[in-house]
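Hi there,

Here is the structure I promised to pass on.

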Amino acid sequence: MIIDCHGHYTTTPPAHQKFRDAQLAALADPSLPVPRPAAISDDEICESVENNQLKLLRERGGDLMLFSPKASGMEHHVPDAATARAWAAAGNDLVARVTGLFPRHFAGVCQLPQTPGGSLGGAVAELRRCVETMGFVGCNLNPDPSGGFWTSKPLTDAYWFPLYEAMTELDVPAMIHVSSSCNPNFHALGAHYLNADTTAFMQLIEGDLFARFPTLRFVIPHGGGAVPYHWGRYRGLAERMGRPSPSELLGNVFFDTCVYHQAGIDLLHRVIDADNILFASEMLGAVRGADPETSIAWDDTKQYVDRAGLSDGQRHKVFEANARRVYPLLDAQLNVAGR
């Protein structure tokens, strides 16, 4: 089985974005009514997925994708907590409908209703709702809800502990994933996302989070940002600061394969053991189209992994076994289905 651990519902029917536009309009003008989530039919959902993510998943040899709301659309920088809760719930409900319509091909990962510096009570409640009532297997955690201004506490701070307590109780991991960039210095896809991946790992080096939460698990996407490609820097910094080697984090931290060229995938596998790499494409996400030098679609990452010279055992870990280990609720669902 080939499991893609990183997919987003970037092709939602247009009515969903109209709901968001109405939300933001009501925040700007309180005289406007508070909007309700859009009424979207099953046929609209099927069309939006069958012609996009599902079509490519099948064509490229994948079996199942972990599916979450559009990352850049989470827009955690909007400070109103009620708006954040309603927006996250609407997006998660659509993902749940996708997983219900296509249970063999999609499993849910939820958006959390975060706001800059806001309480995490709503995030914990939404995580519980999605996992306990809709069968989601993980969540996306934004370490920078301010959208590129980094006003939040580091991921090792006690501010985040209520969420970590719920995650460990439910036995679900978080993918570290920021949303839109509000800072013009940081292009969202080319800078902000990779900055956040790298920053999160450095925060973990500086703290002792996993001593308190030994079963907490994070997936750092986009190939780990800069981390695997500057591994010597992080080893050297850790030694200089008197911190444990970054390899000590690898019982809790994992990287995906959203790296869109062969050399990058090759280096990822040379530096990071196969036990800590999960196959992913972020299909229909940041980078679309094909590499003009190879004619391979940028996000057809399976082709790069196939060419990375892995053993059969390593391939099994990267394509399936690691995802089932890091996302145990997914493994349980697959076992029930006889897969």
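Glu59 is exposed, with a relative accessible area of 53%. In this predicted model, Glu59 forms a salt bridge with Lys55, and their closest N and O atoms are 2.9 Å apart. Both sit in helix α3 (residues 53-59), four residues apart, so about one helical turn separates them. Lys55 counts as partly exposed, at 39% relative accessibility.

Asp42 forms one with Arg97, with the closest N and O atoms 2.8 Å apart. Since Asp42 belongs to helix α2 (residues 42-50) and Arg97 to helix α4, the pair ties together parts that are 55 residues apart in sequence. Asp42 is partly exposed at 38%, as is Arg97 at 29%.

The other is between Asp275 and Lys317, at 2.7 Å between the closest N and O atoms. Asp275 lies in the loop between α10 (262-271) and β8 (277-278) and Lys317 in helix α12 (residues 312-326), so this pair links parts 42 residues apart in sequence.

Now to the strands. All six residues of strand β2 (residues 64-69) are buried, so β2 is largely enclosed by the rest of the structure. Strand β1 (residues 3-9) runs parallel to β2, joined by five bridges, and His8 stands opposite Ser68 in β2. Strand β3 (residues 106-110) also pairs with β2 in the parallel sense, over three bridges, where Met65 stands opposite Phe106. Together, β2, helix α4 (residues 81-101) and β3 make a right-handed β-α-β unit.

Best wishes

Note on methods
Residues numbered from 1 in each chain as written. Predicted model: local features only at pLDDT ≥ 70, side-chain atom pairs only at ≥ 80, totals over all residues. Heavy atoms only, no water. Buried < 20%, exposed > 50% of the residue type's maximum accessible area, 1.4 Å probe, protein only. Helix = DSSP H or I, 4+ residues; strand = E, 2+ residues; numbered from the N terminus. Pairing = 2+ DSSP bridges. Right-handed = clockwise from strand over helix to strand, strands pointing away. Salt bridge = Lys/Arg side-chain N within 4 Å of Asp/Glu carboxyl O.
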